[in-house]
Amino acid sequence: MGSSSFRSPSEFREVIDQIFGLMDGPEMGPQLRDADVPQRFEFEDLDLVVNVRAARSGEDGRYIVWEWSDDVDWEPKVRMEMSSETANKYFQGKENIAMAIARRRIKTGGDIKAALALIPVVKPVFARYVELVERDYPHLKV
């Protein structure tokens, strides 16, 4: 375990929930909802899976919805598998997705073009995540 590791799977979930919460705000949320690319992320080192999709009409005040489970009523269009360390680097703007895929640090399946198209949309989350890490999770700084 490097120095920038999550202390536990529950800490990882807590942090990722906050990241998705930022993405669910008015800055990024509408574009993510309109893009409508359901994604499944697997973090193999922590044995965690999260499925994310655009909010449906009637899910008021939400742009995206996520479940820490495969027991969901939707199919992912994109699948990504990575370590929690790669996810942490990515959200701090320190991991290039295309490079990570080429080097197999991220294993992918499905419509990767659709996922790559979302990268510019979620860029604003990087600075917010760095702030969050510096304030609440200094051990995650990379």
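**Burial and helix packing in a predicted model**

Modeller: Leu32 counts as buried, at 10% relative accessibility. This is a predicted model, in which local features need pLDDT of at least 70, side-chain atom pairs count only at pLDDT 80 or more, and totals for chains, interfaces and linings use all residues. Residues are numbered from 1 along each chain as its sequence is written, and side-chain values use heavy atoms, with hydrogens and water left out.

Colleague: Why is Leu32 called buried?

Modeller: Buried means under 20% relative accessible area, exposed over 50%, and partly exposed in between, with a 1.4 Å probe and protein chains only. Leu32 has 10%, so the residue is buried. Leaving out residues up to four places away in sequence, Leu32 touches Met23, Ala54, Ile64, Leu118, Val121 and Val122, where contact means heavy atoms within 4.5 Å.

Colleague: What makes Asp24 buried or exposed?

Modeller: The relative accessible area of Asp24 is 12%, so Asp24 is buried. Sequence neighbours within four places aside, its contacts are Gly29, Gly61, Arg62, Tyr63, Ile64 and Trp66.

Colleague: How do helix 1 and helix 7 pack, and at what angle?

Modeller: Their axes, lines fitted to C-alpha atoms over the stretch in contact, with angles from 0 to 180 degrees between N-to-C directions, are 10 Å apart and form an angle of about 140°. Helix 1 is therefore oblique to helix 7: angles under 35 degrees count as roughly parallel, over 145 as roughly antiparallel, 65 to 115 as roughly perpendicular and the rest as oblique. Helices are DSSP runs (H or I, at least four residues), numbered from the N terminus.

Note on methods. Helix = DSSP H or I, 4+ residues; strand = E, 2+ residues; numbered from the N terminus.
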